[in-house]
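Here are some notes for your first look at this model. Keep the structure open beside you and follow the points in order.

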Amino acid sequence: TSGHRSGTYGWKKRWVESKHRPDYGKFQLTAGKFYGDKEKDKGLQTSEDAKFYALSTRFEPFSNENETLVVQFSVKHEQGIDCGGGYVKLFPDTLNQEDMHSESEYYVMFGPDICGFGNNKVQVILRYQGKYHENNKAIKCRINKDTHLYTLIIRPNATYEVKIDNQQVAAGDLEDDWDFLPPRKIKDPYARKPRKWDERLQIEDPEDKKPEDWEDFEYIPDPDAKKPDDWNEEMDGEWEGPLIPNLNYQGQWKPRIIDNPNYQGEWIHPEIDNPKYKPDPTICHYYNISVLGLDLWQVKSGSIFDNFLLTNDEEFAEEVGNKTWGIRKDVETQWRELYEEMEKRKQEEEAKKTKEKEEEREDDIWGIEEEGSEEDSAETPGNDRQMKEDEAESGFLGKNEVRVDEKDEL
């Protein structure tokens, strides 16, 4: 299977927007607010908040029968995603791209899925015999604002591997980590735990006896209480004296606990081969993979998808990852940190200006300023402040030798 990557020219001719819904969100081609290379790092970015997205690209159908299937792409959640998908789907060639939607039949769904604190995972959903199976092994995805590379490898021997940033995060047998097939072993339906099987780790000491003088009454009758002289048992019933706390109360007596000399351990239900289990060497063999799609919902938009790759060569995929994501990652991170610092300074300056304006307004209301000084206070300090701000910003940019072009901001 040959590699298939997105480029920066004529992307709208290769990608089809679904018309299944009239209000799907729009994608745009951009490198975002921070990047390694402004042209090379352009990708498909979600641009509208609280929208469904449905975009796909078609290629020559291929099969992964007796072949390794590698699905790889990068995604950058530069908006600080709070709830939304960042995954791709592989579809059969029967898909009508202009009618693609969330219920369209697909083969593979792979990538990060984030919604709320702590609910961030890598989805690996695979279709088998008409049903979708989610991976049982939890895989955490990355949730910061940097670009990350996601790789899924499905091998013809029914093993798999998931990598993030070219580092393995999960691997194993498809049978073990998805419920494609019935279990190999089941509990013997005819086995029963013996009635006398003793699973008690500790028991009460049968030799331990309560002392005869043990005081286990919390309250006792008051020995000093006397029945009233006018008490009439026929009318008032039998007289009972009031109770008082027992000063010698020792609590409820319990025999001491000892190890059970007859302990047999926890009974384990014996297993037998499952007669319904039959190995299937064709698990996750797909015969007409022909469309890669972005079928998403995002609350806060801004995710940038790039470097889509489908191949049968694991080493080639790793090399492509290193030559795309690998080259950009350090520069992009430095630029992001600088961008965030500049945004922080900008917000602090705006907050400072707002506070000063409020203080000036309060001074005007209370008439604190002296007559004749209004023009000076309205002009000179403001100009001095603006000059200082310009000097501070110029010095900051000069020191870091990176300038953010306002036209690049989305």
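1. Start with a term: two residues are in contact when heavy atoms lie within 4.5 Å. Note also that this is a predicted model. By that contact rule, Trp 297 touches Ala 50, Lys 51, Phe 52, Cys 83, Gly 84 and Gly 85, leaving aside residues up to four places away in sequence.

2. Look at Trp 297 and Cys 83: they are 214 residues apart in sequence, yet their C-alpha atoms are 8.3 Å apart in space.

3. Is Trp 297 buried, exposed or partly exposed? Its relative accessible area is 33%. Buried means under 20% and exposed means over 50%, so a value in between counts as partly exposed. Trp 297 is therefore partly exposed.

4. Now the aromatic pairs. The count comes to 13. One of them joins Phe 52 and Trp 297. This pair is tilted, with 4.8 Å from centre to centre and 50° between the planes. It links distant parts of the chain: Phe 52 is in strand E4 (residues 51-62), Trp 297 is in strand E20, and 245 residues separate them. Phe 52 has 33% relative accessibility, so it counts as partly exposed.

5. A second pair to check is Tyr 106 with Tyr 132, and this one is stacked. The centres are 4.3 Å apart, with 20° between the planes. Tyr 106 sits in the loop between strand E7 (88-92) and strand E8 (108-115), while Tyr 132 is in strand E10 (residues 131-134), so the pair ties together parts that are 26 residues apart in sequence. Tyr 106 is buried, at 6% relative accessibility. Tyr 132 is partly exposed, at 36%.

6. Two charged residues sit over rings. Arg 127 lies over the face of Tyr 132, 5.0 Å from the ring centre. The charged end of Lys 329 is over the ring of Trp 325, at 5.5 Å from its centre.

7. Rings also form a cluster. Ring pairs link Trp 15, Phe 73, Phe 110, Tyr 150, Phe 305 and Phe 308.

8. Strand E21 (303-311) and helix H5 (325-366) each supply at least two. By class, the lining has seven charged, three polar and three nonpolar residues.

Terms used. Residues are numbered from 1 along each chain as its sequence is written. This is a predicted model: local features need pLDDT of at least 70, side-chain atom pairs count only at pLDDT 80 or more; totals for chains, interfaces and linings use all residues. Side-chain values use heavy atoms; hydrogens and water are left out. Helices (H or I, at least four residues) and strands (E, at least two) are DSSP runs, numbered from the N terminus. Ala, Val, Leu, Ile, Met, Phe, Trp, Tyr, Cys and Pro count as nonpolar, Asp, Glu, Lys and Arg as charged, and the others, Gly among them, as polar. Buried means under 20% relative accessible area, exposed over 50%, partly exposed in between (1.4 Å probe, protein chains only). Rings of Phe, Tyr and Trp (its six-membered ring) pair if their centres lie within 6.5 Å; planes under 30 degrees apart count as stacked, over 60 as edge-to-face and the rest as tilted. A charge sits over a ring if NZ of Lys or CZ of Arg is within 6 Å of the ring centre and within 35 degrees of the ring normal.
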